[in-house]
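Subject: Structure handover

Hello,

Here is the structure I promised you. Please open it first, then read my notes below.

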Amino acid sequence: MILTVTLNAALDVTYQVPDADWDGVNRVSAVHRRAGGKGVNVARVLAALGREVVVAGLVGGPTGQAVQADLDAAGLPSALTPISGDSRTTLVIHSTTTALFNEPGPVVTADELDRFVADFARLAKGAEAVVISGSLPRGVPADFYATLAAMAGVPAIVDADGEPLRHAPKGRPAIVKPNEEELARAFPGGGAEELMAQGAGAVVVSMGEEGLHAITPSGVFRARMPYRVEGNPTGAGDALVAGLALGLAEGTPWPERLRRAAALGAAAVAAPVAGDFDRDVFDAIHPQIVIA
């Protein structure tokens with residue numbers, strides 16, 4: 001089982017708007033509403049690949065009930081810790097360009113966080129790997145992902161931004177996965193090498209259509225994409241993390257681990273909503289990705 005952690009779970013709403021007029025009135029051609037947050041998206045991809053998953057995290061209020069109901073409807077096993085605050089909503093507007101609006105999320109109390117830690121410790125005992133990803137709701141310490149990685153007892157992946165990314169190596173996770181912009185913001189004078197020096201087992205930097213750059217115990221690798229995939233990039237990084245988690249649980253050699261992860265990220269761009277991927281795109285692009 002692979003355990004995914006989404007502390008700031010959300011109800012993801014995606015509007016498809018052909019030729020959006022950002023200064024006027026728009027007609028929405030399609031609406032998608034589903035449980036989201038980065039760890040939830042990772043779990044969806046892993047489940048579609050046939051892996052056993054459990055979704056952990058925090059949910060509360062009417063929005064949290066909608067998140068739980070969608071997970072249940074999708075058949076995604078979950079063990080979410082209840083909180084008193086209302087979970088957040090995110091909005092994606094996908095047109096000729098894509099805009100993402102993220103609410104900050106609820107305030108989490110110390111008692112609620114303690115209950116989550118107890119739940120996490122229990123769930124991690126049955127996991128092969130743990131994925132800890134996304135933003136932190138208010139009230140959660142900035143170094144909390146490092147704390148979870150350290151206590152997991154199994155290999156962990158951390159996918160975070162800002163202060164949680166800066167603190168992540170202290171928990172000695174097996175993989176830290178920032179994108180280029182996140183890495184530049186968190187370590188303007190260092191980068192992947194600094195993450196490694198502070199305790200990360202490996203660092204995989206996603207670069208969109210440019211592929212991946214990875215510093216690993218087996219060497220430094222670059223995954224180069226053969227062509228650009230058009231579509232909605234929201235959730236592509238989560239599909240990529242799902243590929244890394246799968247490789248971590250299976251012990252897949254790094255070159256093939258990176259090739260599959262990059263292919264999943266590209267295939268997710270071709271899907272309309274985060275958490276899905278286009279299998280035809282995956283099958284087509286996977287063998288063409290060059291690892292050097």
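Let me start with helix α2 and its contacts. The buried residues of α2 pack against β2 (10-16), β3 (30-36), α1 (38-48), β4 (53-59), β5 (78-82) and β6 (88-94). Contact here means heavy atoms within 4.5 Å. The helix and strand names come from DSSP runs, numbered from the N terminus: helices are H or I with at least four residues, and strands are E with at least two.

Two notes on where this comes from. This is a predicted model, so local features need pLDDT of at least 70 and side-chain atom pairs count only at pLDDT 80 or more, while totals for chains, interfaces and linings use all residues. Residues are numbered from 1 along each chain as its sequence is written, and side-chain values use heavy atoms, with hydrogens and water left out.

**Helix α2**

Which residues of α2 are buried? They are T63, G64, V67, D70 and L71. They cover an arc of only 125° around the axis, which puts them on the same side of α2. That arc is taken from the directions from the helix axis to the C-beta atoms. Buried means under 20% relative accessible area, exposed means over 50%, and partly exposed is in between (1.4 Å probe, protein chains only). The exposed residues P62, Q65 and A73 sit on the face of α2 turned away from its buried side.

The length of α2 also checks out. The helix has 14 residues (61-74), and at 1.5 Å a residue it should span 20 Å. Its end C-alpha atoms are 20 Å apart, which agrees. The expected span is 1.5 Å times one less than the number of residues. G75 follows α2, and its phi is positive, near 75°.

**The sheet**

4 strands form an open sheet in the order β3-β2-β6-β7, with mixed pairing. β3 and β7 (98-102) stand at the edges with a single partner strand each, so one side of each is left without a neighbour in the sheet. The twist averages 15° from one strand to the next. Two strands count as paired if DSSP finds at least two bridges between them. β2 and β3 pair in the antiparallel sense over 7 bridges. In that pairing, A10 stands opposite G36 in β3.

α1 lies across β2 and β3, running at about 95° to β3. α2 packs on the sheet too, touching β2, β3 and β6, and its direction makes about 90° with that of β3. Axes are lines fitted to C-alpha atoms, for helices over the stretch in contact, and angles run from 0 to 180 degrees between N-to-C directions.

**Salt bridges**

Side chains of opposite charge can pair when their charged atoms come close. A salt bridge here is a side-chain nitrogen of Lys or Arg within 4 Å of a carboxyl oxygen of Asp or Glu. How many salt bridges does this rule give? The count comes to 13.

One of them joins D159 and K38, with the closest N and O atoms 3.5 Å apart. D159 is in strand β9 (residues 156-159) and K38 is in helix α1, 121 residues apart. D159 counts as buried at 2% relative accessibility. K38 counts as partly exposed at 26%.

E128 and R51 also meet in a salt bridge (2.5 Å, N to O). So do R260 and E250 (3.1 Å, N to O). R51, E128, E250 and R260 are linked in a network of salt bridges.

Best wishes
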